[in-house]
Amino acid sequence: MRISFLLLLLAGIPVLTSRSASQNQQAPFSIAISTDTPVIKAGSDVWIKIQKTNLSPHDIDCTAAPSNATAVDRKYQYEVRDSNRIPLAKISKTHPELESGSIWPCTLKPGQSTPPNDNRISGLYDLSHPGKFEIQISQDVSNNPKAGVVKSNTIILTVTNNTAAVKNATPPFKLTIDPYSLGKVGTESGPFVVDAGAEVGIDIVKTNTSDVVQDCAPVHDDVSGLDEKYQYDVRDSSGNPVTKHTDLHTLHDVECSCG
Amino acid sequence: MSQASVATITKLYDMSRPGIYTVQVSQPASGSAAEGLVKSKAVKIKVQ
């Protein structure tokens with residue numbers, strides 16, 4: 001039954017980013033959307049995370065304008081389609097001109113990303129009935145209409161009355177990590193910068209999101225000290241797995257031979 | 001309910017060369033990897 005869990009998780013991960021900005025030009029930014037809950041009980045609020053990344057060599061604007069009424073960032077355009085790929089109509093507002101909100105100024109330096117901010121898309125569209133829905137958002141590249149738009153990846157949302165399906169599709173826990181080194185802790189706004197040779201660690205927080213007890217007792221490796229209950233994936237800038245220290249094996253051999 | 005731990009990844013992985021590294025942590029959802037992994041977000045670390 002849990003086989004479907006991984007597939008459903010993948011549905012919430014940004015995998016396909018298309019750019020409608022001029023295909024000959026590198027878009028100055030990308031937009032990734034995801035959801036922690038790709039399968040949701042009918043009638044529940046639907047939240048998606050939006051993360052904007054600066055792909056350009058200069059600063060770009062990332063100012064957010066969350067609406068008080070809908071809790072979505074009005075700086076983006078939203079599109080939701082049903083299982084027949086027919087666009088849904090937005091929930092009509094009696095007085096849209098009275099809609100208020102906030103302005104959160106923000107600038108992204110080259111390579112930086114915004115945190116994955118939550119947006120309540122069920123405030124814009126009626127997603128209370130069972131079905132499968134495609135969600136994609138976009139943003140104009142600039143005030144110049146000829147500059148085109150940048151589109152996000154598409155995620156699939158399943159709305160169902162089947163409580164068991166919702167439970168099976170929801171991860172039983174959440175893992176959050178943050179890098180640290182020499183007393184500094186990383187943020188989500190960009191790469192965590194350290195000097196070559198410095199010791200680097202990660203804070204790992206495991207949060208139980210289920211209604212059953214989760215095992216969280218660590219099992220530390222004698223040599224590296226890392227918790228063996230986790231799998232660590234470390235890759236270089238080309239995406240290749242980083243090699244492990246070879247001297248650890250030597251040390252381990254020595255310890256074994258001494259034991 | 002949350003549980004926090006720390007892991008000094010440079011004890012195990014060679015991140016001594018300058019570059020941008022990506023680190024992600026995962027754990028089987030229910031004791032068996034065949035039943036799917038819960039993954040953290042990937043964090044970027046720039047070594048200079």
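1. Buried area here is the accessible area, taken with a 1.4 Å probe, that two parts lose on being put together, summed over both. The model is predicted. Between chain B and chain A the buried area is about 4600 Å². Carbon and sulfur atoms give 58% of that area. On the chain B side, B:Q3, B:Y13 and B:Q27 lose the most area to chain A. Together they make up 15% of what that side buries.

2. Next, the residues involved. Chain A puts 53 residues into the contact, and chain B puts in 39.

3. Polar links across the interface come next. The rule finds 20 residue pairs in polar contact between the two chains, both partners being at pLDDT 80 or more. It finds 1 salt bridge across the interface. A:D178 and B:K41 form a salt bridge, with their closest N and O atoms 3.8 Å apart. The cut-off for such a pair is 4 Å.

4. Four strands of chain B give two or more residues each to the side that touches chain A: β1 (2-7), β2 (19-28), β3 (37-39) and β4 (43-47). Of these, β2(B) gives the most, with 9 residues. By class, this side of chain B has 20 nonpolar, 13 polar and 6 charged residues.

5. Strand pairing also crosses between the chains. β2(B) pairs with strand β15 (residues 231-235) of chain A. The sense is antiparallel, over 5 bridges. Within β2(B), B:V23 stands opposite A:V234.

Terms used: Residues numbered from 1 in each chain as written. Chains lettered and ligands numbered in written order. Predicted model: local features only at pLDDT ≥ 70, side-chain atom pairs only at ≥ 80, totals over all residues. Heavy atoms only, no water. Contact = heavy atoms within 4.5 Å. Salt bridge = Lys/Arg side-chain N within 4 Å of Asp/Glu carboxyl O. Polar contact = N/O pair within 3.5 Å; in protein donor to acceptor, adjacent residues only side chain to side chain. Nonpolar A, V, L, I, M, F, W, Y, C, P; charged D, E, K, R; others polar. Pairing = 2+ DSSP bridges.
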